[in-house]
Amino acid sequence: MAELEIREALDRHWAAADADDFDAEHTIYREDAVLEYPQSGERIRGRHAIQASRAAQPNAKRFTVRRIVGAGDLWVTEFILAYDGRPTFSVSIMEFLEGKVARETQYFADPFEPGPSRASWVERMG
């Protein structure tokens, strides 16, 4: 699969995730895909189990993609995931095999107040 096709598939994936279109969101995954959440120690095996676990999540969620970078079979998406309006800064690392995601690892970080020790060097982001 060409890099342009992967990038387009990622754009469709994140747009479908934001729209709660679970069927379209999960077409990017292989049947035997593995999803890992290292912070909670969870591993989910199989496209259908990944989709079911996300569909069962009760919170209202929104996805805002900040950037997507990648080449070949390794792609990273930096995004803001808002659960019930509360933002979490997130990173998704996707490894492709034969044009579909074989493995995804997601990391999540909550916002925090800036440290006063670096205030003179900081430019506040919107």
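How many salt bridges does the count come to? Here a salt bridge is a side-chain nitrogen of Lys or Arg within 4 Å of a carboxyl oxygen of Asp or Glu, and by this rule the count comes to 13.

## Before you start

You're looking at a predicted model, so local features need pLDDT of at least 70 and side-chain atom pairs count only at pLDDT 80 or more, while totals for chains, interfaces and linings use all residues. Residues are numbered from 1 along each chain as its sequence is written, and side-chain values use heavy atoms, with hydrogens and water left out.

## The overall layout

The protein has three helices and six strands. Both kinds of element are DSSP runs numbered from the N terminus: helices are H or I with at least four residues, strands are E with at least two.

As for dimensions, the C-alpha trace spans about 50 × 35 × 25 Å along its principal axes. The accessible surface is about 7,800 Å², and 53% of that belongs to carbon and sulfur atoms; such areas come from the Shrake-Rupley method with a 1.4 Å probe, and for residues only the protein chains shown count as cover.

## The inside

Of the 126 residues, 33% count as buried. Buried means under 20% relative accessible area, exposed means over 50%, and partly exposed is in between (1.4 Å probe, protein chains only).

The largest nonpolar core holds 20 residues, and L10, W14, I28, Y29, M94 and F96 touch the most other members. Such a core is a set of buried Ala, Val, Leu, Ile, Met, Phe, Trp, Tyr and Cys residues joined through side-chain atoms within 4.5 Å. The elements giving two or more residues to this core are α1, β1 (29–37), β3, β4 and β5, with the largest share, five residues, coming from α1.

Take L10 as an example: leaving aside residues up to four places away in sequence, L10 touches I28, I68, W75, T77, M94 and F96. Contact here means heavy atoms within 4.5 Å. Across the protein, 41% of the contacts between residues at least 6 apart in sequence join residues at least 24 apart.

## Charged pairs

Side chains of opposite charge can pair when their charged atoms come close.

Another salt bridge joins E78 and R66 at 3.2 Å, N to O. E78 sits in strand β4 (residues 74–83) and R66 in strand β3, twelve residues apart. E78 is partly exposed at 22% relative accessibility, and R66 is partly exposed too, at 42%.

Then there's D110 with R86, at 3.4 Å, N to O. D110 lies in the segment after β6 (100–109) and R86 in strand β5 (residues 86–97), 24 residues apart. D110 counts as partly exposed at 39%, while R86 is exposed at 51%. Elsewhere, E25, R54 and E104 are linked in a network of salt bridges.

## Out at the surface

Is W121 buried or exposed? W121 is exposed, with a relative accessible area of 69%, and is found in the segment after β6. W121 and D21 are 100 residues apart in sequence and 42 Å apart in space, C-alpha to C-alpha.
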